[in-house]
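Thanks for coming, everyone. Let me put the model up, and then we'll walk through it.

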Amino acid sequence: MAVLFAFAAVTPAAAQQTFTGKISDSMCGASHLAGAAAGPSTSLGTGPSTSLGTGPSTSLGTGGLTDRQCLHACIKALAKYVLVDQNNQVLPIANQDAMGLPLYAGRPVKLTGEWKGDAILVTKVEAIPAHLHLGHVMTNWRDTPGTRGFLPVAIDEARVAVLHARLAVKGSSLDDIKLHAGHVLNALDPTVEPKGPGAGYGVKKAAAGALQHLDFAARESKTGGATENITTHAAQVSSSLSNVLQWVDQAIAAAQRIRAATDAAEAAGPAADLAALVLRISDEGLQQAQTHMGLIMKAEGLLGAPR
């Protein structure tokens, strides 16, 4: 498996330094594909006693494992964690009990430690910065509802907005239309309307957070901190999220026109505009962003990865 990351040169040093690469195992090294392609009769080791199973025909080469699953199986078979650099050079890790190695198995990481003898003595394991920012977009952030990623929160808030925008269109009285317009405002931006059925975060804040951290991830990619895959799809996600923020502002303006209306007939036009805008926010903006973020996460090996 090719590894397309930026890495610090490995030179003996007593001081702490950083090493960037991908966590693998000493059996597979730079490629988990070799074992999978070899077939069921190929053992993992160099001798007759190093296969994963109890007999000579059992091995990891069944072709159905992900890299992460392969790595964990090799570790159970007494392989060692290693770091693979951009030249597919395998760098041994001295302390196999370093906290974070199982968590980040099969993923690009930044290791902090010392090069001692012929191995890295690890003091810290963490995701590469680009992946941390992708995680903030899709899986976790400190102040969101449930500490989830910005984009899932934006999508959930948009669903609330769509529901109540439709109810506003169907409203039989001015009070009904205004009630649901207020609920839409709450889901879009609770700083404008703090009361309502939304989660209290708002599409606007969540989409802005997703856009900001996607930009951070893309910047890391441009400086060699991640694969080109990020910049390939990031532009499309960024465009979708930028559109969302424009449509949110337009939807807020439409909801405010409803609030200023003096009768149901006057509110009907802005209500129709509001419904169309929030549907665009949900379907054309956020769903498109989610589709392309899914492609990024899959290509980066982050789908289903631990938070």
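Where does Gly-113 lie? Gly-113 sits in strand S4, residues 108–116. Before going on, some ground rules: this is a predicted model, local features need pLDDT of at least 70, side-chain atom pairs count only at pLDDT 80 or more, and totals for chains, interfaces and linings use all residues. Residues are numbered from 1 along each chain as its sequence is written, and side-chain values use heavy atoms, with hydrogens and water left out. Helices (H or I, at least four residues) and strands (E, at least two) are DSSP runs, numbered from the N terminus.

Back to Gly-113. Buried or exposed? Gly-113 is buried, at a relative accessible area of 0%. Buried means under 20% relative accessible area, exposed over 50%, partly exposed in between, with a 1.4 Å probe and protein chains only. Which residues touch Gly-113, leaving aside neighbours within four places in sequence? Ala-15, Gln-16, Gln-17, Phe-19, Leu-121, Val-122 and Thr-123 are in contact with Gly-113; contact means heavy atoms within 4.5 Å. Thr-123 is ten residues from Gly-113 along the chain, and their C-alpha atoms are 5.0 Å apart.

Next, a hairpin. Strands S2 and S3 form it, with five residues between them. In the turn, Asn-88 has a positive phi of about 65°. S2 (residues 81–84) pairs with S3 (residues 90–92) in the antiparallel sense, over three bridges. Pairing requires that DSSP finds at least two bridges between two strands.

Now helices. H5 (residues 174–188) and H8 (residues 264–299) have axes that come within 10 Å and cross at roughly 30°. That makes H5 roughly parallel to H8. Angles under 35 degrees count as roughly parallel, over 145 as roughly antiparallel, 65 to 115 as roughly perpendicular and the rest as oblique. Axes are lines fitted to C-alpha atoms, for helices over the stretch in contact, and angles run from 0 to 180 degrees between N-to-C directions. Who makes the contact? H5 brings Leu-174, Ile-177, Ala-181, Val-184 and Leu-188. H8 brings Ala-264, Ala-267, Ala-271, Leu-274, Val-278 and Ile-281.

Last pair: H3 (residues 129–138) and H4 (residues 150–170) pack at about 15°, axes 3 Å apart. His-136, Val-137 and Met-138 of H3 meet Phe-150, Leu-151 and Pro-152 of H4.
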